[in-house]
Amino acid sequence: MAVDRGIAHELIKSAMGIGAMRMAAIPISLACSVILARMLGPDAFGQYAFIMALVPLLALPASGGVIRFLTREIAHCVSAEAWARYRGLLRFSFAWVAGYSLFIIALVYLIIAVLEDKTAGSKWQLLPLATVLVPLTGLIAVLSGALKGLGAVRFAEIPAQLVRPAGFLLFLVAATLYGYLTPAFAIGGNLGIAALAGIAAFVLLQRRAPTSDAGAAAEYATREWSSALLPITLIALVATFNAQVSVVLLGVLGSNEAVAALSIAKSGSNLVAMSLIIVNATIGPQIVNYWREQDQHRLQQLSRRSARLATLVAAPIALVFVAIGAPLITLLYGAVYAESAYLPLIILALGQVVSVAFGSVGFLLVMSGHEHETLRGQAIALVINVLLCSLLIPAFGAIGAALGATGGLLVWNVVLAFRVRALLGIRPTAL
């Protein structure tokens, strides 16, 4: 029990710093969402939400996969004091982001130019501007992933969890005071704040970079890194598509107003999932170390304690939404959104509680080197998600999209929990 309590104490201590930043980001992000919804109105807010849901999908090859890849590989470099390899990893990652970003920006601008007659005056005209976020997001991802791999997990959270939401809130407040805000202007504000966050991330990495690597010639293992990065990138792409496909399909099959309602519901349900996200942000290096040492006992304790801690935080938040969700939506966003967003909020929130209780299933597999298993499970869940959304959205709108997203999420957790049990020999759930 002493070992068990020690792990719990270490986990809680590590999570507190990150948790404080993420908890500070919650009301800031919520305030941004409220200002956008009230100032833009349901139709324009739906346009903005739809385009901003596409951006993470476009940016994933340059962001999500890179973060997990660098967290794992740089943790190995630090453990082995392989500083030449560390320098090569950073340069390889920057080149990956730059090459992909140039490709996707050129492709989007070309498509919009060719289809100009069909997209003129529609929400699709906002996409080229939003696509400029891809290289900025990738830059922040590389720098944050490097910081996490170096063990500076709390510093890695600052650009995304403090600089971007706080800066965007200040931008929206200024726009409100001047009485001018459009979807395009809001996307432009995101671009400026993302650039500031990138600068902040660069400064933080410069301060935390190991002095032992000074003067070391970069060492490259391009083929090895490419083969490792590709499945992790696909995992991140599929996972993000699972998270965003309901909004995207609703934007294609439904109305802008329905997209606005679902976006509000997702903002609330994200609060429920936040506890597991915080835990995952802290336990990556420990998973790598315990798995490398084949310390199955401590890995089991880490996974169980983290799942229990996350569930104890998530469940009360979901219960609050069930009890007083409609009045909260009315108070924050306005009565125009209350009826359309309440049921999607409840469906998504309850699904997230179950997901949190399953624990860090995908993260455990990725950090232990079983990326392909995670990708397989997420692909199955994505198929379920798309099928359910395609069937339910035409009849039920935002409610159908919420049901589809929740169904895919639950399938993903069940499949990956079985794979964690089979490959790692542990039970990742809170029970």
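These are some numbered notes on a predicted model, going from the overall fold down to single residues.

Two points of bookkeeping come before the notes. Residue numbers start from 1 along each chain as its sequence is written, and side-chain values use heavy atoms, with hydrogens and water left out. Since the model is a predicted one, local features need pLDDT of at least 70 and side-chain atom pairs count only at pLDDT 80 or more, while totals for chains, interfaces and linings use all residues.

1. **Overall fold.** The protein chain has 15 helices and 0 strands; both are DSSP runs numbered from the N terminus, with helices being H or I of at least four residues and strands E of at least two. Its radius of gyration is 21 Å, close to the 22 Å that the globule rule gives for 431 residues, so the chain is as compact as a globular protein of that length. (The radius is taken over C-alpha atoms, and the rule is 2.2 Å times the number of residues to the power 0.38.) Along the principal axes, the C-alpha trace spans about 55 × 45 × 40 Å.

2. Of the 431 residues, 54% count as buried. Here buried means under 20% relative accessible area, exposed means over 50%, and partly exposed is in between, using a 1.4 Å probe and protein chains only. A contact means heavy atoms within 4.5 Å. Among contacts with a separation of 6 or more, 83% come from residues 24 or more positions apart.

3. **Helix H7.** This one is worth a look in the viewer. H7 covers residues 153-178, and its 26 residues should span 38 Å at 1.5 Å a residue; the end C-alpha atoms are 38 Å apart, which agrees. (The expected span is 1.5 Å times one less than the number of residues.) There is also a kink of about 30 degrees in H7, centred on Pro159, where the bend is the angle between axes fitted to the seven residues ending there and the seven starting there. Pro159 is buried, and the other buried residues of H7 include Val153, Gln161, Phe168 and Leu172. Gly179 follows the helix with a positive phi, near 70 degrees.

4. **Helix H15.** The 27 residues of H15 should span 39 Å, and the end C-alpha atoms are 38 Å apart, which agrees. Just after H15, Gly425 takes a positive phi of about 75 degrees. Within the helix (residues 398-424) sits Thr406, which is buried at a relative accessible area of 11%. Leaving aside neighbours within four places in sequence, Thr406 is in contact with Ile347, Leu348 and Gly351.

5. **Aromatic pairs.** A search of the whole structure finds 9 aromatic pairs. Rings of Phe, Tyr and Trp (its six-membered ring) pair if their centres lie within 6.5 Å; planes under 30 degrees apart count as stacked, over 60 as edge-to-face and the rest as tilted. Tyr180 and Phe185 are edge-to-face, at 5.3 Å centre to centre with 65 degrees between the planes. Tyr333 and Tyr337 have centres 6.4 Å apart and planes at 75 degrees, so that pair is edge-to-face.

6. **Around Phe50.** The charged end of Lys123 sits over the ring of Phe50, 4.5 Å from its centre. The criterion is NZ of Lys or CZ of Arg within 6 Å of the ring centre and within 35 degrees of the ring normal. Val252 belongs to helix H9 (residues 222-253) and counts as exposed, at 53% relative accessibility.

7. **Val142 in H6.** Val142 lies in helix H6 (residues 133-149) and is buried, at 0% relative accessibility. Not counting residues up to four places away in sequence, Val142 touches Val66, Leu70, Leu90, Ser93, Phe94 and Val97. Ala243 is 101 residues from Val142 in sequence and 22 Å away in space, C-alpha to C-alpha.

8. **Gly188 in H8.** Gly188 lies in helix H8 (residues 183-208) and is partly exposed, with a relative accessible area of 31%. Gly188 and Ser255 are 67 residues apart along the chain, and their C-alpha atoms are separated by 24 Å.
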